[in-house]
Amino acid sequence: PYYGFSPWVIVIAIALLLPPTILMGMTLPLLARALTRVKERSAIDLGALYSLNTLGAAAGSLVTGFFLIAFLGVYATLLVAATVNISIGIVAVIIGRRGSFGAFEEAPVTDTEPEPGAAVGVKSPVLKSTLFWGFALSGFLALSVEMVWIRLFAPYLENSTYAFALILAIFLFGISAGGWVARKWAFKAKSAALGFGICQALAGLSTGLGLLLIFLFVRHYNKLLPKLGLLIVQPSIILEQSLWILLILVPSTFFMGAGFPFIAQWAGKEFANFGGRTGKLYAGNTVGSIIGALAGGFLLLPTLGTKNSIIFILLLYLANGLLIIYLNREHLRQRVFVAVLVIVTLFIGAGASALLPDPNIYAIKSANKGTNVLAYREDPDVNVTLLEAKGNSKDRGLHINLRNISGTGLHLTPWMLHLPLLLMKEQRPDPERLLIIGLGIGHTFTLALDHYPELKVEVVELVPSVAELFAKFNPSAPMALKNGNGTIIIADGRNYLLSATKPYDVVLIDPTPPLYGTGAVNLYTADFFNIVKERLNPTGILLLRVPYSADMHSLKLLLRTAIDVFPYVSLWKPPFKGAGYSLVASSTSYTEGDKEVKERLSKVSNLNDRWMKILYRTQPRLIGRGIGLLGDPDRYKVVTDDRPYLEFPLFNK
């Protein structure tokens with residue numbers, strides 16, 4: 001199944017999320033009807049409600065993404081949210097029973113701002129209105145462009161939870177500010193529909209401005225891309241980058257939010273049906289948002305790429321706005337305004353398409369001078385780049401989300417394979433099944449098939465483009481793919497391991513750095529280690545690659561977690577700097593050290609002199625075993641699915 005999802009996963013997600021979110025969506029039309037006193041104030045009252053609700057969402061994103069899960073855990077955070085919801089509900093019921101709201105001042109049902117071409121005095125059906133479909137399209141565009149902006153900014157904040165929380169919060173803040181400021185504009189507007197159209201057009205223009213500004217942002221920060229672990233050694237970078245994100249996102253999101261009070265003002269023209277009209281409009285906008293989120297990640301980015309996705313979205317914004325403006329043109333003081341907007345639209349669209357490079361490719365080339373981009377792919381959740389050194393076709397590197405995660409160098413890859421197999425040589429001399437989570441450039445996979453011909457090797461890779469690039473650019477790929485003992489599966493490694501029916505002798509894990517990258521923590525928790533333990537043979541071994549960017553505290557959190565699950569844990573390091581660590585864990589005692597591993601290496605039958613020299617030169621050294629690796633064990637907590645301490649490096653100490 002694509003990306004490891006199955007129909008059952010989707011059904012379960014719907015069953016868990018649909019009931020509460022349906023009830024969340026019902027609150028806006030109910031509050032709109034409860035809080036709006038007269039139709040003339042619909043923009044003021046509902047605009048304020050929308051703005052405050054969105055501002056609360058922005059605050060919720062920041063508080064949850066930076067603090068609640070870090071300090072309370074996932075389960076307790078959900079309980080906090082549920083408790084607050086229940087409390088709000090109880091208070092609202094008490095207020096309602098006391099009759100705190102006065103009688104509504106109902107307006108005649110036929111008192112409406114007519115749709116263009118409709119007879120005056122005839123009730124306008126919302127679902128047939130141009131404005132309804134324009135508002136639905138605005139939801140599609142807002143969530144589509146949000147997906148693109150998250151993709152653009154996340155690598156600079158190392159794909160962390162902080163990145164997603166921060167970008168979402170700034171996005172929502174801009175919408176909230178626009179909704180609040182535009183309340184009075186909508187209240188005074190002669191045509192609410194015209195005002196909404198102008199907001200849509202301006203949202204498109206300011207999205208184009210954001211696309212231009214992103215290159216200044218990339219140019220300022222591309223020097224950070226080769227580095228990792230910045231959030232630990234330089235946490236102030238979050239504040240600095242947030243100012244840039246504000247500058248780029250707030251203009252467009254301001255006008256996205258500014259359109260809502262105009263919609264509220266239009267809905268209030270039929271005040272007797274205000275709640276129903278508001279509910280239909282809000283539902284249409286939300287359905288558009290759902291489709292936009294899916295289209296942005298799964299269709300636009302893989303098909304058009306980052307730059308063209310933004311250009312496509314801004315042109316749709318402009319088209320949406322200009323159409324609504326045209327249909328309400330009788331309210332324009334100067335009709336030349338429409339002509340000017342059309343000219344600006346064509347200028348931005350043509351100029352941006354012709355002159356601007358893709359921001360991600362621009363960043364990759366700027367940060368990795370002396371290389372050529374052999375391939376670039378946009379997958380639904382990451383971008384993948386293959387680079388080649390100029391003048392040396394054998395020197396290649398694989399980048400995911402602009403970060404180098406694998407290359408043609410053989411400093412660590414051979415020992416990621418050989419170390420666990422040599423450690424288990426006496427206890428299980430003929431291992432049969434090996435699982436690798438994370439393909440990378442494919443060295444471990446090809447070496448396993450070459451050096452251990454009898455071994456059944458499975459590789460689970462989450463990103464389809466990584467598998468495609470392996471097949472095209474790794475010189476050993478053709479032979480490996482023809483080998484019947486090797487299999488590449490596109491799936492989530494954890495879910496795949498959960499479904500395994502036969503035990504493995506060795507499980508190798510080489511996740512994308514850093515340790516605190518979003519989603520990576522799922523391979524570092526005690527819950528996951530227990531899954532691995534259950535899927536290993538009694539003498540089986542887990543080897544987990546720990547990236548060089550890991551700080552010492554995070555490393556010891558990881559060791560503490562492994563020790564909590566496996567009775568025997570050891571830590572190994574290659575003899576050169578910047579190569580990271582190898583964490584080895586098993587249910588069987590392995591007392592072998594450097595000497596025993598070297599002796600057993602000489603007996604591996606499928607190693608030629610070249611490989612023996614490489615392996616002797618890069619042999620890792622045993623650092624220590626068990627609880628002695630921690631010093632003071634009480635300082636370090638066990639990482640779990642519920643308490644993912646590694647994902648929050650700013651506070652995990």
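Pro514 sits in the loop between β8 and α17, where helices (H or I, at least four residues) and strands (E, at least two) are DSSP runs, numbered from the N terminus. This is a predicted model, in which local features need pLDDT of at least 70 and side-chain atom pairs count only at pLDDT 80 or more, while totals for chains, interfaces and linings use all residues. Residues are numbered from 1 along each chain as its sequence is written, and side-chain values use heavy atoms, with hydrogens and water left out.

### Backbone details in the loops

Most residues other than glycine have a negative phi, and most peptide bonds are trans. Pro513 and Pro514, however, are joined by a cis peptide bond with omega of about 0°.

| Residue | Phi | Loop |
|---|---|---|
| Leu402 | about 75° | between β3 (392–400) and β4 (403–407) |

Leu402 has 1% relative accessibility and therefore counts as buried, a term that means under 20% relative accessible area, with exposed meaning over 50% and partly exposed in between (1.4 Å probe, protein chains only).

### The sheet around β9

Eight strands form an open sheet with mixed pairing, in the order β7-β6-β5-β8-β9-β11-β10-β12, and two strands are said to pair if DSSP finds at least two bridges between them. The edges are taken by β7 (486–490) and β12 (621–625), each of which has a single partner strand, so one side of each is left without a neighbour in the sheet. From one strand to the next, the twist averages 20°.

Helix α17 lies across β5 (433–437), β8 and β9, and runs at about 140° to β9; axes are lines fitted to C-alpha atoms, for helices over the stretch in contact, and angles run from 0 to 180 degrees between N-to-C directions.

With strand β11 (residues 581–586), β9 pairs in the antiparallel sense over six bridges. Here Arg545 stands opposite Ser582, and Ile541 stands opposite Ser586. Ten of the eleven residues of β9 (residues 536–546) are buried, so this strand is largely enclosed by the rest of the structure.

In helix α20 (residues 609–617), the buried residues are Trp611, Met612, Ile614 and Leu615. They cover an arc of only 165° around the axis, which puts them on the same side of α20, the arc being that of the directions from the helix axis to the C-beta atoms. These buried residues pack against α12 (413–423), α13 (443–451) and α19 (594–601), where contact means heavy atoms within 4.5 Å. On the other side of α20, by comparison, Asp609, Lys613 and Arg617 are exposed.
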